[in-house]
Amino acid sequence: METLQAICIALIQGITEFLPISSSAHIQFPSLLLGWKDQGLHFDVAVHAGSLVAVLLYFRHRLVALTIGTIDGLRQGQSNQEFDLTAKLILATIPVLIAGFLFRDVVAHAMRDLSIIVFTTIFFGLLLGFADWRTHHLRKNGHIFDDTNPSFLVALAIGCAQVFALIPGTSRSGVTITAALLLGLGRTQAATFSFLLAIPVISGAFALTIYDLTQLDASFDILRFGIGFIVAALSAYLCIDFFLKVIERVGMWPFVVYRLAIGVLLGLMLWL
């Protein structure tokens with residue numbers, strides 16, 4: 001793998017991991033346009049590790065508070081806001097862990113089907129647009145979105161929606177934010193819950209990739225690994241910061257329009 005390829009793919013992965021625009025759709029462009037081959041499992045480990053470090057660092061204060069609150073709740077035998085949110089994040093993670101284990105081979109096959117990516121990029125982009133339009137309409141009519149934790153039922157529903165992220169082109173952050181908006185959460189609350197929910201999911205994907213790597217006799221390129229990790233971590237961190245700062249002002253429609261453009265472009269490359 002060339003250094004330029006490593007930088008470009010790590011940058012794409014880092015940027016698209018947390019924005020609702022589908023990483024699997026974007027990863028297709030380098031191979032389609034430049035004929036780049038798959039980057040290999042070592043590089044997958046690097047970019048997953050970079051993305052995980054980025055979200056852990058960005059929410060480090062929130063995570064410390066969640067940890068302390070959860071420990072206090074367990075010790076005292078009663079719930080508090082942090083313990084409550086931790087329980088809901090765990091609950092929301094269960095569906096995708098089960099589905100990922102059961103349908104792992106199917107998902108791996110679907111990754112190679114560009115027509116699926118085209119459809120899901122466009123369809124789930126439109127669904128995100130509808131969810132954001134509804135949220136904007138509610139706020140315009142005086143509805144106030146509180147900053148409390150979602151209910152257990154809402155958290156579970158968001159977790160079930162996250163299963164669709166196993167389909168390439170869907171976008172994990174996109175589908176969880178869409179579900180959260182449709183279920184009554186505000187934009188910032190929806191995005192924050194989605195990003196916190198990414199931590200166990202990315203950790204699981206990271207662990208699974210590590211396991212796959214142990215089953216292979218693959219060469220290790222420390223330079224490419226380092227590039228992938230650093231570029232993915234920096235780009236992912238900046239994207240989280242950017243998204244949370246602008247989401248209330250710009251909403252989701254810029255990302256919806258971008259998804260539609262990407263979906264149409266991939267479709268033209270596939271069928272023309």
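1. Let's start with helix α11, residues 222-250: D241 and K245 both sit in it, 4 residues apart, or about one turn of the helix. Their side chains meet in a salt bridge, with N to O at 3.1 Å. K245 is on the outside of things: its relative accessible area is 53%, so it counts as exposed, the cut-off being over 50%. Bear in mind throughout that this is a predicted model.

2. An α-helix has 3.6 residues a turn, so residues three or four places apart point the same way. And side chains of opposite charge can pair when their charged atoms come close.

3. How many salt bridges does the structure hold? The count is 4, and the D241 and K245 pair is one of them.

4. Another one joins K88 and D84, at 2.7 Å from N to O. These two are also 4 residues apart, this time in helix α5 (residues 81-102), which means about one helical turn between them. Are K88 and D84 buried or exposed? K88 has 5% relative accessibility and counts as buried. D84 is buried as well, with a relative accessible area of 16%; the cut-off for that label is under 20%.

5. Then have a look at R187 and D132, a salt bridge whose closest N and O atoms are 2.8 Å apart. R187 belongs to helix α10 (residues 187-214) and D132 to helix α7 (residues 114-140), so this pair ties together parts that are 55 residues apart in sequence. Both R187 and D132 are buried.

6. While you're in α10, check S194, which is found in that helix. What is S194 in contact with, once its neighbours within four places in sequence are left aside? The list is R172, S173, T176 and I177.

7. My last point is helix α8, residues 152-162, where V154, A155, I158, G159, A161 and Q162 are buried. Looking down the axis of α8, these buried residues fall within an arc of 160 degrees, so they line one face of the helix. And what covers the buried residues of α8? The cover includes α5, α9 (172-182) and α10. Two of those names came up above: α5 holds K88 and D84, and α10 holds S194.

Technical notes: Residues are numbered from 1 along each chain as its sequence is written. This is a predicted model: local features need pLDDT of at least 70, side-chain atom pairs count only at pLDDT 80 or more; totals for chains, interfaces and linings use all residues. Side-chain values use heavy atoms; hydrogens and water are left out. Buried means under 20% relative accessible area, exposed over 50%, partly exposed in between (1.4 Å probe, protein chains only). Contact means heavy atoms within 4.5 Å. The arc is that of the directions from the helix axis to the C-beta atoms.
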